[in-house]
Amino acid sequence: MAYEFLSSHWLDILTTVLGLAYILLEYRASVWMWAVGFLMQSLGIVLYYQKGLYADCGMEFYYLSMTVYGYWRWMRGGSGRQPQPITHFPPRLIAPWLALTAAVWATIYWLLVTFTNSTVPLADSFTTALSILGIWALAHKYVEQWAIWIAVDVVSSALYFYKDIPFKASLYALYVVIAILGWRKWHKAARS
């Protein structure tokens, strides 16, 4: 019984372990999070496709490209080609990014309803659209990326429990706690 459970959930378990390493490295603002993320996202493509979470599956391709961008940005994206410092989301970008996120959410929802057999198009498209903004904000080391991830993680945890991905669901519940702590830590770092 235990062997059967583990053999049917091995990919969920592996991506969960990688996800835990990723979030802890993110909390520490370690550039190594990008390498761990690349591996986690590559495996996530397979996992989400198998579970019918097509928007999440497609999102992993975006994440893969953003890991390369994020790594570059963190290493060379600051002024004078220095590592990127932790800063705040520029207020001038809030309205355009909210509008873009809403448009992406609506588009992904329509695609899921029209072209897939998704049973959770509203939640799947919401987390995907908001994650597009979240990973971009993370690549720029904005403190507010943590608030975005809190929203994504709460919804994703419920969604993954519903779709029988229990380890990943538990990880996202833990992500909420780590994101709250990360917000506080990065906020202090941005001030100093």
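I take partly exposed to mean a relative accessible area between the two cut-offs, under 20% being buried and over 50% being exposed. I keep in mind that this is a predicted model.

**Entry: two loop residues**

I looked up alanine 29 with that definition in hand. Its relative accessible area is 24%, so I call alanine 29 partly exposed. I found alanine 29 in the loop between H1 and H2. I then read its backbone angle. Phi of alanine 29 is near 55 degrees, which is a positive value in a residue other than glycine.

Which other residue has a positive phi although it is not a glycine? I noted aspartate 164, with a phi of about 60 degrees. I placed aspartate 164 in the loop between H6 and H7. With a relative accessible area of 42%, aspartate 164 is also in the range between 20% and 50%, and therefore I wrote it down as partly exposed.

**Entry: the nonpolar patch**

Which residues make the nonpolar surface patch? I listed Leu20, Leu24, Leu174, Val177 and Leu181, and the patch they make covers about 380 Å². I checked which helices are involved. Helix H1 (2-27) and helix H7 (166-191) each supply at least two residues of the patch. The largest share comes from H7, with three residues.

Leucine 20 lies in helix H1.

**Entry: the cavity**

I then looked inside the model. How many cavities of 30 Å³ or more are there? I recorded one cavity. About 320 Å³ of space lies in the largest cavity. I went through its lining, which has 22 residues, and the closest to the centre are Met40, Tyr63, Trp149, Tyr172 and Tyr175.

I also sorted the lining by element. The elements that give two or more residues are H1, helix H2 (33-50), helix H3 (54-76), helix H5 (121-139), helix H6 (145-162) and H7. H6 gives the most, with five residues. H1 and H7 are in my notes on the patch too, where each supplies at least two residues.

Last, I sorted the lining of the largest cavity by class. I noted twelve nonpolar residues, five polar residues and five charged residues.

Conventions:
Residues are numbered from 1 along each chain as its sequence is written. This is a predicted model: local features need pLDDT of at least 70, side-chain atom pairs count only at pLDDT 80 or more; totals for chains, interfaces and linings use all residues. Side-chain values use heavy atoms; hydrogens and water are left out. Patches are made of residues with over 30% relative accessible area and no salt bridge: like charges are joined within 9 Å, nonpolar side chains (Val, Leu, Ile, Met, Phe, Trp, Tyr) within 5 Å. Accessible areas come from the Shrake-Rupley method with a 1.4 Å probe; for residues, only the protein chains shown count as cover. A salt bridge is a side-chain nitrogen of Lys or Arg within 4 Å of a carboxyl oxygen of Asp or Glu. Helices (H or I, at least four residues) and strands (E, at least two) are DSSP runs, numbered from the N terminus. On a 1 Å grid over the protein atoms alone, a cavity is a set of points where a 1.4 Å probe fits but cannot get out, and a pocket is an open set with protein on both sides within 12 Å along at least five of seven lines; lining residues have an atom within 4 Å of a point. Grid points are joined across faces, edges and corners, and a volume is the space filled by probe spheres set on the points. Ala, Val, Leu, Ile, Met, Phe, Trp, Tyr, Cys and Pro count as nonpolar, Asp, Glu, Lys and Arg as charged, and the others, Gly among them, as polar. Buried means under 20% relative accessible area, exposed over 50%, partly exposed in between (1.4 Å probe, protein chains only).
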